[in-house]
Each structure stands twice: as C-alpha cells, then as structure tokens.
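Please look over the chain shown here. The report starts with the whole fold and then turns to single residues.

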Amino acid sequence: MKKTFTPTSAAFLPLWVSFILFCFISCKEETKSLQKEHDPSQPISLTSFYPTEGGAKDKILLNGDNFGTDPSKITVTFNNKEAAVVSSSGNRIYAIVPRLPGDNPTITVKIGDKTATYEHTFDYKTQAQVSTVVGTGTRQFIPGTLDQASVCAKYLEIDAEDNLFMTWRDGPEGDPARYGVARLNEAQNIVTPLYQATTGPYPYANGLAIDRSTGVVTVSHESVVEAFFSFDPKEGWYMRQRNATFPAGPHGIPSGDQYMNFVSFCPYDGYLYTRARIGTVVRINPNTYESSIVQVGAKGNSKWPYGSQYGQAINPKRPWELWMTLTTNGDPVEFRQGLMMLDLRNINEGFKRVNAVGGSAHRDGPIAEALFNDPKEIKFDNDGNMFVADYGNHCIRMVSPDGIVTTVAGQPGVKGYKDGGPIESLFNNPWGVAINERGDIYIADYGNNRIRKLVIE
C-alpha cells in the first residue's frame, strides 16, 4: 500500500529532529564534562593501572583523577625512565611502557608542581634475543659478505650510521691479517678491512673511540704513548697518524708499562682521556693533541692503581664519569676484576672501586654487592645502562642507572655457542661490546670467533 504524506506527519517531523539534536548535544556536553581540565589547586589522585605487567612498548592505562586532557603537560615515569604519554581523558592516561626502566619500577605521574606515585609497582618483563651477525668459528679475518666472512674481533665500537668497527691482534701467525682494524655494515652485508698487518703492527690497536657527530674513528698505539690513529669516513676511512705532544715536559711513563689500550672522548670538558698500565692518566686536546699528565700512577697507589685495562667508557647521562675495568694484575689487589670510576669533576680523588671487592665469581644485585669474573669491555647506551662483557662468566651483564646489576644474556659459568633468548643463549669468553643508537648490543664473542647481536627491551 502506498504511504501518503500528510500535513500531520509534516508537523510531527520537526519534533523528531529536535529530539535527535537534543540527544546529540547532550552527549557532547556529557563528554566534555567527563574530560575535566587539570585543577592545579587540587592533588592528583591515582587508583589503578592496567596491565600490571609487561615489557617495552606495551600500552598501559593509568586510572585516577585530575590529570587534565593535555598530554604535553603530563609526565609519567617508570622509576626514572620517562614513558610516552599518548592521551588523557582527565581520569585516564594512555601511555607506552619505556625500555629498561629497571626491576619492579614505581609509576609516577607529574603535572605542573603536583606529583603522585602508585602504591603498587609494575612488573617489568625483560625481553631479549641473541643472534649471530657474522663469523664461521675460525680464528682468522677474511673479508666478505656476512654469511662468508670470518672474524676474530676483540674490541668493538659503532657509529651513528650503524658502521660497526672491530680490532683484533691474534689472528694466525704469519697471516696477512694477523692484526687489524675492520668495518662491518649489516645493511650493506659487508665486512671490509681498514688496516691489516702480519708483524710489527702500527697501530697495535685495542679499544676504539668514535665521534658520532663526525664518524671519525680513533685508536691508540698500545706501546707508544704519543701515537694515535684516526679513520675519517670523508676520506674513505683512510688511516692517518696523529702525534700527541707534551709541552710541559716528558710524560715520564716507563716504556714497559705504557699499554695505552683505550682513548675516550669526554663531552663534559671536551678532552680525550687515556690511561697507561702503570696507572697514569693522560688528558689530550682532540684538536691540537697537546697533552698533559693528570696524575701519575704506580703499583700500590690507592687512587691511581696499576693494572692492565680491558674496558673504558664515559657515562652519557653523567659525562663526568670515566669508567674502566682492570684484570687480574691490578695493584692494589682490591682493584682487581672490578669496575672503577673516576669523577672528572673531582679528579684528585682518583679512581674508586664501585662493585664488591673480589673476583672470579658471579653475583647480581646492587652494584656494591655484585661480582664479576675478569670483566672486559664496557659500553653505555643512551639511557645510561652499562653493559659489561663478563669474560670469565661467559655472559653479558647490565648495570642500570640506579645501580642494579643483572645478567641479560648467557648462562653464568657455562660456555658454549647458542642463539636464542636470554636463558638459553650461550657465549664463550665474550670480550668486546658496542651499542647503537637504538640500544642494540653487539658482542665480540671471542671464544667462538663470532660477532653476536643482543636486542633487549
């Protein structure tokens, strides 16, 4: 039956339209009323968060009141690690869990001068995966693609373009590449040498330093105090020698105890720092290479200890902190097999041992109680987490910014070769570490003659 349009229905239509408009406006007003602005005269109220556990990049909802609706004015931290705030409705914040905030982090919300912390902690789940980047298991350097190249790397460093540099010094006797420096690039699928020598290496390279703003790589010559070598990407990483001078007079470092294994750039004061095995610390102007002796070391010196050094790094979050590791010949004995730190703001106080005295052991926990077994190279990520190649324990350790030591890959005391998660992965005397801008950790797995990669979140 055909429906006809009548004046009555025409008169009734505006009533329905009015009702729909009324409901729409009411809903908008209700939504506005729920999205309250932050009242700075009132405290922040926190009630609950969900989920209560998770890992990096997970979404989390924080419930409470007086948050306001402007996410740019809201700061959420897990311990001291800031989380990304996506949005806020006034009583619920949508945020992203940050990477590596530490064990059982407390969640704090700060808006203006108002701060509140949840009563319960978040159960952070560390996620890690170890893979092999390059290496055949043969202790020999052979350039080529990643699936064919052989490496025997000890020390590593990486630039801002993800060029990974390595040094080595014990290839097969008589081999053209018994000593050397090389570059690896995963994206380009290539390993290529920058310098090789059969005998009488010059430089006799150990640790590498990289200026990530210019890409220039610097190494020291272990047995010659004045000799340094740079590789500039603008020159195709062609090696050039730089000679340090000592205007104030002879450096006085005995030839048998030079061993300048490392050089580090310090953004706090703009100088390069290196250290001799005798314990003497040298400060170098990176532009002129004019150098000066900071302090003279000696056996038995409780501030400037003697000993072979296998790691050195500057903490990017506290750039006045110069860290190092000493091996089993440290003197005094309390400096052996540990982590030492020099505060460049109060340099006359000398190096201080940070972890527990002792060695040839494995113990996680607060750094003052932690133990290592011949720790080698150390590096920091951009968040201030230190990663340690714990050579004798066959594992990788992490020291968080709040001083908690954890084992993040490898099985303490068990050597082997296996990729996988943090529990099943195995290493054999890991020696070198390097960390890119994303926080991925490269490891010179010395005993396995491979370079491994640890992605940890």
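What follows describes a predicted model, from its overall build to a few local features.

**The whole chain**

The chain has one helix and 34 strands. Its radius of gyration is 29 Å, well over the 23 Å that the globule rule gives for 457 residues, so the chain is more spread out than a compact globule. The C-alpha trace spans about 110 × 55 × 45 Å along its principal axes.

Buried residues make up 52% of the 457 residues. Take the contacts with a separation of 6 or more: 48% of them join residues 24 or more positions apart.

**F262**

Where does F262 sit? F262 is in the loop between β18 (238-243) and β19 (263-266). Is F262 buried or exposed? The relative accessible area of F262 is 3%. Buried means under 20%, so F262 counts as buried.

Which residues does F262 touch, leaving aside its neighbours within four places in sequence? The contacts include Y155, G207 and S220. Y273, T274 and R275 are also in contact with F262. So are Q309, Y310, G311 and Q312, along with E377. T218 is 44 residues from F262 along the chain, and the C-alpha atoms of the two are separated by 9.4 Å.

**Backbone features in loops**

| Cis peptide bond | Omega |
|---|---|
| Y50 to P51 | near -5° |
| D331 to P332 | near 10° |

P51 lies in the loop between β1 (45-50) and β2 (53-54). P332 is found in the loop between β24 (321-326) and β25 (338-343).

Next come positive phi values. D162 is not a glycine, yet its phi is positive, at about 65°. D162 belongs to the loop between β11 (155-158) and β12 (163-168). Its relative accessibility is 24%, so D162 counts as partly exposed.

N449 is also a residue other than glycine with a positive phi, here near 55°. The loop that holds N449 runs between β33 (441-445) and β34 (450-456). N449 has a relative accessible area of 7% and is buried.

Notes. Residues numbered from 1 in each chain as written. Predicted model: local features only at pLDDT ≥ 70, side-chain atom pairs only at ≥ 80, totals over all residues. Heavy atoms only, no water. Helix = DSSP H or I, 4+ residues; strand = E, 2+ residues; numbered from the N terminus. Buried < 20%, exposed > 50% of the residue type's maximum accessible area, 1.4 Å probe, protein only. Contact = heavy atoms within 4.5 Å. Rg over C-alpha atoms; globule rule 2.2 N^0.38 Å.
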